[in-house]
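Morning, everyone, and thanks for coming. Let me put the sequence and the structure up on the screen, and then I'll walk you through them.

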Amino acid sequence: MSVVPVSYYLVLSAILFGLGVIAFVLKHNIITIYMAIELMLNAVNLAFVAFARAHNQLDGLVFVFFVIVVAAAESAVGLAIILTIAQNRHSLNVERVNQLKF
Amino acid sequence: MVLLNYLWIILALPLAGAAINGLFGKNWPKRAVNSVAIGSVSLAFLAVAELVREFAQLSPGEIPWVKNYFTWIIAGPFRVNFSLQADQLTIVMLLTVSFVGLLIHIYSTGYMEHEAGYYRFFSYLNLFMFFMLTLVLAANIVVMFVGWEGVGLCSYLLIGFWFLKKSAADAGKKAFIVTRIGDFGFTVGILLLFWTFRSVDFGTIFSKVVESPTDVGVLTSICLLLFTGAIGKSAQLPLYVWLPDAMEGPTPVSALIHAATMVTAGVYMVARMNPLFSRAPIAMLAVAIVGTITAFYAATIGLVQTDIKKVLAYSTVSQLGYMFLGCGMGAFHAGIFHLMTHAFFKGLLFLAAGSVIHAMGGEQDMRQMGGLRKRIPVTYWTMFIATLAIAGFPPFAGFFSKDEILYSAYTGPYANKALYAVALAAALLTSFYMFRLVFLTFFGGPRYDEHKVHVHESPKNMLVPLVILAIFATVGGWFAAPKFWGGQDYFRNFLGPVFKDASNLRQGQFSEFAKVAGNLDAMGPSGSQVTLRPEALAEIEAADHKLELELSGVAVLVALIGFFVAWWLYVRKPKAPEDLAKSVHGPYTVLMNKYYVDELYLALIVRPLLWLSTNVLWHVVDEGMIDGTVNGAARVARGAGGELRKLQSGNARSYAGWVVIGAVGVTVLLLGIWMRMAP
C-alpha cells in the first residue's frame, strides 16, 4: 500500500490556508469572513493531523481536538455577535461596522 | 574650670533663646518674649564673665585653650572638627559682643514695643548673637565660616525685617548679594589655606607658618583672598554699598549688627590671621591702603548726608577703614582696640539716634529736627559724649584707639606717611560731620511742626543702655592708655601673645632704628638678637614718647578744627551751609549722590547681568533649551500618537490586512533565521 507523502498534505493545507487568508481580507460579508476563519483553522488542523500521522505521535491529534472545541465555542459567540449586528444595522457588510475608531 | 571645658554653653544659650522665641513666641505676651530673649543673652554674658575669670587662672602655656567637641567633616585628608578656642583676642571679642549685645537687647524692648513681629525680631537678634559668638570662638576657619555666613543671614533677615516695605526687602537682598561677592574670595581663600597647610585649624596653620618658611606668593594670595571676604563683610571699598542701605532695618539692628559687632568680623578675621598677614607685606599694604581710602572716602560722603542714620552708616564705613589701617600697619592690637571702643561709641550713637527718631515720631531727616537739646536731655548728653569719642577728643575712648592707629601709621614696621596724611584728613572730616549731626539735631530752633510732632524723651529701658554705653565710651579707652598718659598699656600687653609675630616684626624695626642711631652694643650671630645700652634705650623711648605726644597733639588739633568749622557753619551762621553748597555746586552734588557709585554699579554690573539673565539665560537657555527639551519630548510623543492613531480606522478589513502583513512578516523572519541556522 502506497502511502501519500506528508508534503502533499502540507501543500493542500497551505493552499486551503492561503484561500482562507485571501477570503478573509477581500470579502465584505461578515458570514463569509467567518467562514474564511474556519477554513484557516481547518487548514491548520490538517497540517497537525498530517504531522501526527507521519511521526506516529498523538500530540498533534490532541491539539486538533482543542482547536475544534475552541472553534465551536468561538462560533457560538461569533454568530451571536453577527446576529446582533444584523439586527441593528440591517446589513452584513463589514464596511458598515466602522464606528469603533480613533 | 567649668566653662573652659564647656565653651559650647556660651553658644547654646542664645541659640536656645532664638529657637524658643522663634518656634513658640508668636502668641506669647511681650513680657514672656522679653524674658526669654534677654534672659538667654544675659546668661550668655554671665557665662562669658565666668569664662574670663577662669581664663585668668590659666598658665601662658595653656593658651590658646582649644576644645574639640566632635568630628564634623571627613573627606579624605580633609578633616574638620567642631572645635572652639579661647585666647586673649577671643576674650576681648566675647566681652564686647555679649556686653553690647545685651544692652541693645534691653534697648530693643523699648524701641520695638509697638512693632508687629516682636517675637520674630528677638528670635533673630538671639540667633545673631549665636552666630557672632560662634565666629569669635571658632578654633578653625571652617567653623568660623559658619558664624561668618550665619551673621550674614541674620543681617539679611533683620535689614528686611519690615519686608512689606519694598526698599527694606531690596536692602536686605543687596546686603546678602554684595557680601556674597566677598565671601566667594573668602571661600577660595579657605581652600587655598587647606591646600597649602593641609589643615584648617588655626593652631596647626600658625605653627606651620611660623616654623617652616612658606612661599610668600602663596601667603599673599591667601591673605588677599581672605581680605576680599573682609571687604564684603566689613563694608570696605568697593563693596561698601550695602551698609548705607542696611539702615532700612530697625535702629537697634543698625546699632548691633551694622555698627558694633558684625561688620567688625572682617577686622577680627584679619587680626586672627595675623601670623599669615604679617608675613605677606603686599597683603598688609593692600589692607592698609583699602582701609585708608575707605576711611577718607566714606567720610566725604558723610559730610552732606541729611538722614541721621545715613551719616552714622558712612561714619561706620569710615571707622572700619581705620581699623583696617591699624591692622595693615601691623598694629593689630590697635585695630582690635578701635574695634572695641568703636563698638561702644558707635553703638551708643546709633541707639541715641534711635532715641531721637523715637522722639520725633519716626522722622530721620536732620533738616526737620533742630533744638532738641532741651527736650530730650539724656539723649543729647549721651550722644554728645559719643560724638566727642568718635571725633577723638581726650579723654574719651575714641581718642586713645584712633591715636594708636595714627601713631602706627606714622611710625612702625609698615609706616607710610601718605596713608597717615589721608587718615588724618579723614579724622578732620569725621569730627566735622559728627558735630554737624549734633548741631543740626540738637541746636538752633525747631524746624519741625511743633503742633504735629510731640517730642518726648524715650522710656527708661532705652535710656539705661544709653547711659551705660556713654560711661564706656568715656572710660573705655583708659585702661589701654599708653604709658606716658599715665596708663598701663594694658590692652596691648594683654593681646601680646596673640600678636607675637607682628610685634616681633616691630622689634626688628626697632633694632633697625637702633643700628642707624649707632647705639648698638652687640649684635647676635643672625643679627636678630640686639642688646642696647640702657641709656640708649631710655633715649629712644623718650624720643618715641615725644613723637607720640606730638602726633596726639596734631590729632586733637584736627578734631578741634572740625568742631569749630561745624560750629561756625551750623550754629553761628545757619544760613552759611546753603550758600556754601551753592558756591561749590558741582562737588556738592557729587557727594550728595554718593559719587554715583550705586548708579555706576547699576550701569556696569546690575544692568548687564539683568540683560544677560533676561535675554540669554531666561529666554534662550531656560525657555529655549530646558523647556524646549521637555516640551519637545512631549510634542514628539503627541505628534507620533496623532499619526499612529489613524491606524485604528474602525475598518475591520484593514485590521485583517495588518494582521496578514504582520503574520507574513513574522514568518519571513523566522524562515530567514532558520535558513541561517541550517548548515
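Before we look at strands, one rule: two strands pair if DSSP finds at least two bridges between them. Helices and strands themselves are DSSP runs, H or I of at least four residues for helices and E of at least two for strands, numbered from the N terminus. What you see is a predicted model, where local features need pLDDT of at least 70 and side-chain atom pairs count only at pLDDT 80 or more, while totals for chains, interfaces and linings use all residues. Residues are numbered from 1 along each chain as its sequence is written, and chains are lettered from A and ligands numbered from 1 in the order in which they are written.

So, to the strands. In chain B, strand S1 (residues 65-75) and strand S2 (residues 78-86) run antiparallel, with nine bridges joining them. Find B:Lys67 and you will see B:Leu84 of S2(B) opposite. The hairpin of S1(B) and S2(B) has two residues between the strands, and B:Gly76 there takes a positive phi near 60 degrees.

Stepping back, chain B has 27 helices and four strands. Its C-alpha atoms fill a box of roughly 120 × 80 × 55 Å along the principal axes. Of its 679 residues, 47% count as buried, meaning that 20 or more other C-beta atoms, placed from the backbone, lie within 10 Å of the residue's own.

One helix to zoom in on is H8 of chain B, residues 202-211, where B:Phe202, B:Ile205, B:Phe206 and B:Val209 are buried. Why do they line one face of the helix? Looking down the axis of H8(B), the buried residues fall within an arc of 95 degrees, so they share one face; the arc is that of the directions from the helix axis to the C-beta atoms. Their cover includes helices H7 (166-197), H12 (265-272) and H13 (274-277) of chain B.

Now chain A, which has three helices and zero strands. Its radius of gyration, taken over C-alpha atoms, is 17 Å, whereas a compact globule of 102 residues would have one near 13 Å; that rule is 2.2 Å times the number of residues to the power 0.38. Of the 102 residues of chain A, 10% count as buried.

Finally, where the chains meet: eleven residues of chain A are in contact with eleven of chain B, with contact meaning C-beta atoms, placed from the backbone, within 7 Å.

Notes:
Two residues are in contact if their C-beta atoms, placed from the backbone, lie within 7 Å. A residue is buried if 20 or more other C-beta atoms lie within 10 Å of its own, exposed if 12 or fewer, and partly exposed in between; C-beta atoms are placed from the backbone.
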